[in-house]
Amino acid sequence: MSLCMVPFEGTAGVTDRRPGTGIDFIICGLEHSGTTLGSDLFRQVPGCDSGFECGVLLCTTPRDFAGNQPFYQNMLAGWKITEGDLADA
């Protein structure tokens with residue numbers, strides 16, 4: 001398995017850092033690298049939701065992610081965040 005778990009510092013102005021609030025980390029990796037297994041493991045932790053595949057690494061640069069559909073809209077709706085949150089990330 002080859003995956004990366006990246007701590008997420010949040011967006012500008014986010015002060016609520018209690019466990020279980022906001023986004024604490026992001027699991028990322030290439031296709032077939034174990035990210036689904038990692039996600040399934042974190043789903044077993046009470047209070048931890050591992051979310052869904054978001055397709056961020058399918059773009060050439062992070063700036064291109066807004067045009068990566070349906071992943072961009074799925075992330076906004078699935079994580080209940082705004083376009084501003086993604087722009088600040």
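Accessible areas come from the Shrake-Rupley method with a 1.4 Å probe. For the chain described here, which is a predicted model, the accessible surface comes to about 6,500 Å². Carbon and sulfur atoms account for 57% of that surface. The chain contains 3 helices and 2 strands, arranged along the sequence in the pattern β-β-α-α-α.

**The chain overall**

- The chain has 89 residues, and 20% of them are buried.

**The nonpolar core**

- In soluble globular proteins, nonpolar side chains tend to be buried together.
- In this model, the largest nonpolar core is made of 8 residues: Cys54, Cys59, Phe65, Phe71, Tyr72, Met75, Leu76 and Ile81.
- Apart from residues up to four places away in sequence, Cys54 touches Phe65, Phe71 and Met75.
- Phe65 has a relative accessible area of 7% and is therefore buried.
- Tyr72 is likewise classed as buried, because its relative accessible area is 9%.

**The aromatic pair**

- A pair of aromatic rings is described by the distance of the centres and the angle of the planes.
- The chain has 1 aromatic pair, formed by Phe65 and Tyr72.
- The ring centres of Phe65 and Tyr72 are 5.7 Å apart, and the angle between their planes is 70 degrees.
- The arrangement of Phe65 and Tyr72 is edge-to-face, because planes over 60 degrees apart are counted in that way.

**Helix H2 and what follows it**

- Helix H2 spans residues 71-79, and its buried residues are Phe71, Tyr72, Met75 and Leu76.
- These four residues lie on the same side of H2, because they cover an arc of only 140 degrees around the axis.
- Helix H3, which spans residues 83-88, is included in what covers the buried residues of H2.
- Just after H2, Lys80 adopts a positive phi of about 55 degrees.
- Most residues other than glycine have a negative phi, and most peptide bonds are trans.

**Helix H1 and its salt bridge**

- The chain has 1 salt bridge, in which the side chains of Arg43 and Asp40 meet at 3.2 Å, N to O.
- Arg43 and Asp40 both belong to helix H1 and are 3 residues apart, about one turn of the helix.
- An α-helix has 3.6 residues a turn, so residues three or four places apart point the same way.
- Arg43 has a relative accessible area of 40% and is therefore partly exposed.
- Asp40, at 37% relative accessibility, also counts as partly exposed.
- Thr36 is another residue placed in helix H1; at 52% relative accessibility, Thr36 counts as exposed.
- Thr36 and Phe52 are 16 residues apart along the chain, while their C-alpha atoms are separated by 8.8 Å.

**The loop between H1 and H2**

- Pro70 is located in the loop between helix H1 (35-43) and helix H2 (71-79).
- The peptide bond leading from Gln69 to Pro70 is cis, with omega near 10 degrees.
- Gln69 also lies in this loop and is partly exposed, with a relative accessible area of 42%.
- The C-alpha atoms of Gln69 and Gly55 are 9.0 Å apart in space, and the two residues are 14 residues apart in sequence.
- Asn68 is found in the loop as well; its relative accessibility is 13%, so Asn68 counts as buried.
- Beyond its neighbours within four places in sequence, Asn68 is in contact with Gly55, Leu58 and Cys59.
- Ala66, which also has its place in this loop, counts as partly exposed at 42% relative accessibility.
- Ala66 and Glu83 are 17 residues apart along the chain, and their C-alpha atoms are separated by 8.8 Å.

Technical notes. Residues numbered from 1 in each chain as written. Predicted model: local features only at pLDDT ≥ 70, side-chain atom pairs only at ≥ 80, totals over all residues. Heavy atoms only, no water. Core = buried A, V, L, I, M, F, W, Y, C linked by side-chain atoms within 4.5 Å. Buried < 20%, exposed > 50% of the residue type's maximum accessible area, 1.4 Å probe, protein only. Contact = heavy atoms within 4.5 Å. Arc of directions from axis to C-beta. Phe/Tyr/Trp six-rings, centres within 6.5 Å; stacked < 30°, edge-to-face > 60°. Salt bridge = Lys/Arg side-chain N within 4 Å of Asp/Glu carboxyl O.
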